[in-house]
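Here are my notes for anyone opening this one for the first time. Have a look at the model, then go through the points below.

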Amino acid sequence: MPELFFEIGTEEIPAGYIEPALKHLSGQLSDYLEKHRLHAGKPVWMGTPRRLAVCVPDIAGRQEDVVETHLGPSVNIAYDKEGHPTKAAIGFAKGKGIDVAALTTESTPKGDVLCARVEKKGQPTPDILNAYLPELFGSIPFPKKMRWADGKLAFARPVHWIAALFDGKPLQFEFGGIAAGNTSYGHRFLKPDAFTLKSFDDYRKQAEAHCLVVDPKARLQRIREQLNQLASEVGGTIQEDNELLDTVTYLVEYPVTLRGEFDARYLELPKELLVITMKHHQKYFPVWKGGDLLPYFLAVSNMKTRDSTLIRQGNQRVLRARLDDARFFYDEDRKHKLEDFVEELKGVVFQKDLGTVYERTERIQALVTALTGEIQPGQVLPVDARATRRAAMLCKADLVTQMVYEFPELQGIMGGYYALHSGEGEDVAVAVKEHYKPAFAGDSVPSTLTGALVAIADKLDTIVGCIGVGLIPSGSEDPYALRRNALGIIQILIHYDLQTSLEWLIDQGIAILGDKAKLDKDKIRYHCLELFSQRLKTLLTQEGFEYDVIDAVLGTRVDSFKDIKEKAMALSDLKKQPYFETLAIAFRRVASIIEGQVPDEVNPDYLKEEPERALNEKFVELRPMVESCLNIRDYSSALAKIVEIKPAVDRFFDHVMVNVEDSKLRQNRMALLKSISVLFSQLADFSKIVVKKS
């Protein structure tokens with residue numbers, strides 16, 4: 001069967017634009033062909049900075065014929081008393097392009113109506129593609145587009161040529177004033193001459209001969225092999241960096257990797273600074289030996305030459321200039337102690353309603369002080385209150401250093417180095433360095449408890465502060481990354497097993513925010529709790545817990561996120577048992593029957609019926625065991641003990657009337673059920689469990 005192939009040739013398109021554009025082209029084209037009755041194979045896409053190419057194999061030569069059925073007006077109004085067609089019938093037939101005599105009738109729930117069956121002959125595939133492809137090309141959602149010369153076409157970069165073949169023959173359309181043809185062009189510098197295309201296979205063969213590696217997967221593999229080879233020649237390795245690999249893959253058409261070197265004296269600079277300079281600013285790959293950098297870098301070039309010395313020297317000069325700048329900033333910053341920069345934070349506005357970064361630092365210190373006092377008694381790990389508060393004071397100081405001004409990606413990291421240079425303790429320096437952690441999906445939490453507390457305080461102030469002034473995330477809008485900050489706090493609390501009430505945390509943040517808040521305390525608390533609840537649901541869902549289990553355990557008091565996760569695990573295991581649904585129904589019945597003001601204690605003198613006495617005895621027997629399990633956070637055993645009360649609960653409901661006229665008996669029976677409900681509600685809200693209908 002025929003194939004469709006096209007290539008859009010352009011100026012160099014930004015690396016991040018190319019793969020999304022190719023996926024859009026192939027996806028939209030596939031959907032269009034299916035919708036328009038053209039059977040086709042799965043599209044294959046390839047691309048470089050200068051070309052977007054798609055091939056659709058096994059495509060039909062023309063559309064399938066189809067008979068379309070259209071229902072029209074009621075028969076009652078379509079014909080007059082003599083049986084002649086009315087204007088309604090004539091107009092309906094004319095609108096469908098058929099003779100009125102060709103109309104038939106169709107029975108529907110609303111009665112008999114006119115029916116027009118219209119045969120649509122399929123069009124030749126080239127005709128359809130000639131009309132559609134210009135529309136498809138113009139629909140690519142590039143992040144930014146440009147216009148050039150006097151044309152009206154907007155595209156990522158100027159378009160120079162279009163090759164488009166169907167069954168080996170050029171299609172006949174224009175895009176932006178450029179006519180489609182059967183010609184492509186080679187590498188801009190290595191072999192720029194034109195070559196004529198016959199098919200997709202022919203394109204790939206000729207592309208290689210014209211110094212083009214058009215398949216991104218092949219380019220990436222070639223780059224990876226070259227990197228590993230060059231690194232191993234100097235006894236080093238390359239750390240896997242898929243993001244950088246993807247970027248350089250779409251920066252070149254013919255990858256040639258070169259190894260450069262730099263003065264070993266630059267290794268005295270922080271390794272994070274060297275890595276940022278090489279990777280983010282120059283798209284170079286650092287060379288490692290274990291955890292140490294070697295004085296080499298690997299650059300992926302778009303050129304092959306007999307002598308690569310000039311290209312290597314050019315890259316070395318560029319890197320040396322950047323490293324010289326970095327050394328200058330580093331030396332200038334270290335002429336001052338880190339604490340000297342704190343005062344300058346008064347001139348940096350964090351957010352117009354929340355004040356300066358200096359004010360934020362003061363709030364972080366206050367939160368850290370409160371946190372230290374809250375978790376100190378029950379912590380196995382020691383908390384150095386002085387070091388924690390000191391780290392909180394210094395954590396934002398590097399924002400006004402020359403280094404972070406030039407390399408904002410190094411905020412926090414440079415603060416840690418400058419703290420050590422200033423004579424601060426290791427604990428303080430590490431906390432300053434790591435307090436932004438976790439900063440992204442998959443990032444680790446701070447490695448010390450001091451850093452963890454500063455990180456919690458920093459993120460909590462951002463969350464409470466932004467919500468407090470009305471900056472509540474909605475949809476995809478979250479400019480201050482409140483969702484990420486909430487997830488970061490959850491991850492830290494789980495990792496360090498900090499037994500801190502979420503409501504207490506939020507209330508501390510609200511109190512310290514003070515009169516800067518625009519919303520009232522209850523609204524701030526509600527939105528903060530909702531934010532944390534949604535993040536925790538997301539985290540637990542990603543770990544495979546069912547949604548009703550998540551809702552059930554979140555219905556308990558959130559004093560520890562680790563406890564919530566462990567309760568979810570225990571409840572999930574219990575839910576697998578064959579008797580679980582009847583257990584959940586029984587416990588839901590216990591909770592649902594309680595209403596009004598109910599005493600907290602059961603009066604044994606009012607237990608008249610044997611089943612209620614038996615239930616009370618079982619409850620009194622099990623309560624200390626369950627509470628003991630809860631105290632040691634053995635939730636599986638606690639749930640197992642609660643299961644033991646189910647037979648007594650069932651017998652109680654089978655033989656005892658709760659809502660009796662005697663108010664003392666009624667209140668006492670509700671008190672018994674309330675005691676049971678309070679006990680198991682510490683583990684889960686069973687009303688949230690989804691029970692299958694029998």
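1. Start with a strand pair: Thr 104 has Cys 115 in E6 as its bridge partner. Strand E5 (residues 104–108) and strand E6 (residues 111–120) run antiparallel, joined by 5 bridges. They make a hairpin with 2 residues between them. Strands count as paired if DSSP finds at least two bridges between them; helices (H or I, at least four residues) and strands (E, at least two) are DSSP runs, numbered from the N terminus.

2. Before going on, some ground rules. This is a predicted model, where local features need pLDDT of at least 70 and side-chain atom pairs count only at pLDDT 80 or more, while totals for chains, interfaces and linings use all residues. Residues are numbered from 1 along each chain as its sequence is written, and side-chain values use heavy atoms, with hydrogens and water left out.

3. Next, an open sheet: 3 strands in the order E13-E15-E14, with antiparallel pairing. Strand E13 (256–261) and strand E14 (285–289) sit at the edges with a single partner strand each, so one side of each has no neighbour in the sheet. Direction ignored, neighbouring strands here are turned by 35° against each other on average (axes are lines fitted to C-alpha atoms, for helices over the stretch in contact, and angles run from 0 to 180 degrees between N-to-C directions).

4. Within that sheet, 6 bridges pair E13 with strand E15 (residues 292–301) in the antiparallel sense. Arg 259 stands opposite Leu 298 in E15. H8 packs on the sheet, touching E14 and E15, and its direction makes about 5° with that of E15. Helix H9 (residues 309–333) packs on the sheet too, touching E13 and E15, at about 50° to the direction of E13. Contact means heavy atoms within 4.5 Å.

5. Which helix gives the most to the lining of the largest pocket? That's H8, with 5 residues. Helix H8 (271–282) and helix H14 (426–434) each supply at least two lining residues.

6. Finally, find Ile 645 in the loop between helix H23 (635–643) and helix H24 (646–655). Ile 645 is buried, with a relative accessible area of 4% (buried means under 20%, exposed over 50%, partly exposed in between, with a 1.4 Å probe and protein chains only). Leaving out residues up to four places away in sequence, Ile 645 touches Phe 587, Leu 615, Lys 618, Phe 619, Leu 622 and Ile 676.
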